[in-house]
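Opening the notebook on a new model today.

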Amino acid sequence: MPFKNVISWTSLISGYEKHGFGVEALEAFHQMEMEGVVPNKITFLGTLYAFSHSGLLQEGWISFTTMVNKYSIASTMEHYTCMVDLLARAGRLYEAHEFIEKMPINPDAKLLTAFLSSCCHHKNVELASTVGKKLLQLQPQEAGAYISLSNFYGLVGDMEGVANVRRLMLERGIRKEKACTWIEVSLKVHSFESGDRSHPNYQKIYDHLRVLIQKLKNIGYVPDISMVVQNVEELTKEEILLGHSEKLAIAFGIMSTPPGTRFLIVKNLRVCADCHVFTGLISKIEGREIVARDSSRFHHFKDGVCSCGNYW
């Protein structure tokens, strides 16, 4: 480009962030500064997201302090959320909690939901309980906050807590968005919902998916049934996991395209931990490159490895 301004540099950094390329985002930011282009609050939001999604803790702190001290840019709730997410994803939960307590503004539901998600991931019951209570007091209108809290109660075996959260959702008119994944094959878009049996080839898809699951189990894959909060038998939980929309789309993509073909799936919600493991292993045993776009970012799976480094 003959002329690069803050918009073009910020777009590049945000693009790297969406694909989980934190190091590349950092390099672009440094190049931007070297060329004398002054970053704005959106630029720093992109860099902080990139560092959060790549586990670059030190770089994130430097970026945050640079924004405040060097460029005198006031932090917004989005910047604070990125920093909490960065610390919490790295397992620095008590540092993240202290950061929240010292913020000059009260945290919103999105920030607390991000923190709660990491508390659940790291199985910190104490902090998850604390932040969960604060979150419900805010009466958030987004279903994600309630789902995260419900998943936490399910994870620790508190079925009464799960029931209470679901009751609150009903009372407050909050409805969970149903998971849906799309895949394009031969210029036609196919959509799958969780537990979907509406596809004309659903029986073949499920049969092929069961074959794939058995292949994965033969190399050590164990379905993460902790993701299922319903109080049912373990085999039933495995069946529920089997019907996740991204698994159905991937099975259809593999059976409908030539060996070695790269394909893309798009999901309306965040990919779950079990499906993330599943997709990585499938990319290895089937020799496929699978790109998954969820509500947060792009995941590039190849040879059993995801571009996010299992950091999403």
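Before I list any neighbours: I count two residues as in contact when they have heavy atoms within 4.5 Å. Also to keep in mind, this is a predicted model.

**Entry 1, Asn268.** I looked up where Asn268 sits and found it in the loop between β3 (263-267) and α14 (273-285). Then I asked which residues Asn268 is in contact with, leaving aside its neighbours within four places in sequence. My list reads Glu177, Lys178, Ala179, Cys180, Trp182 and Ser295. Two of these I followed down to the atoms. A polar atom of the Asn268 side chain lies 3.0 Å from the backbone oxygen of Lys178. For Cys180 I looked at the backbone nitrogen, which lies 2.8 Å from a polar atom of the side chain of Asn268.

I get 14 helices and six strands for the protein. The C-alpha trace spans about 60 × 55 × 35 Å along its principal axes.

For any two packed helices I note the angle between their axes and the distance between the axes. Helix α1 (residues 6-18) packs on helix α2 (residues 22-34) at an angle of about 165°, and their axes are 8 Å apart. Angles over 145 degrees count as roughly antiparallel, and α1 and α2 are therefore roughly antiparallel to each other. The crossing in which α1 passes α2 is left-handed. On the α1 side I wrote down Val6, Trp9, Leu12, Ile13 and Tyr16 as making the contact, and on the α2 side Glu24, Ala25, Ala28, Phe29, Gln31 and Met32. Sorted by class, this contact of α1 with α2 has nine nonpolar, one polar and one charged residues.

Next I took helix α7 (residues 109-121) and helix α8 (residues 125-137), which pack at about 155° with axes 9 Å apart. That makes α7 roughly antiparallel to α8. I noted a left-handed crossing for α7 and α8. Which residues of α7 and α8 make the contact? From α7 I have Ala109, Leu112, Thr113, Phe115, Leu116 and Cys119; from α8, Leu127, Ala128, Val131, Lys134 and Leu135. The classes in the contact of α7 with α8 come out as nine nonpolar, one polar and one charged.

Methods. Residues are numbered from 1 along each chain as its sequence is written. This is a predicted model: local features need pLDDT of at least 70, side-chain atom pairs count only at pLDDT 80 or more; totals for chains, interfaces and linings use all residues. Side-chain values use heavy atoms; hydrogens and water are left out. Axes are lines fitted to C-alpha atoms, for helices over the stretch in contact, and angles run from 0 to 180 degrees between N-to-C directions. Helices (H or I, at least four residues) and strands (E, at least two) are DSSP runs, numbered from the N terminus. Angles under 35 degrees count as roughly parallel, over 145 as roughly antiparallel, 65 to 115 as roughly perpendicular and the rest as oblique. A crossing is left-handed if the near helix is turned anticlockwise from the far one by less than a right angle, and right-handed if clockwise. Ala, Val, Leu, Ile, Met, Phe, Trp, Tyr, Cys and Pro count as nonpolar, Asp, Glu, Lys and Arg as charged, and the others, Gly among them, as polar. A polar contact is a pair of N or O atoms within 3.5 Å; within protein, one must be able to donate a hydrogen and the other to accept it, and residues adjacent in sequence count only if both atoms are side-chain atoms.
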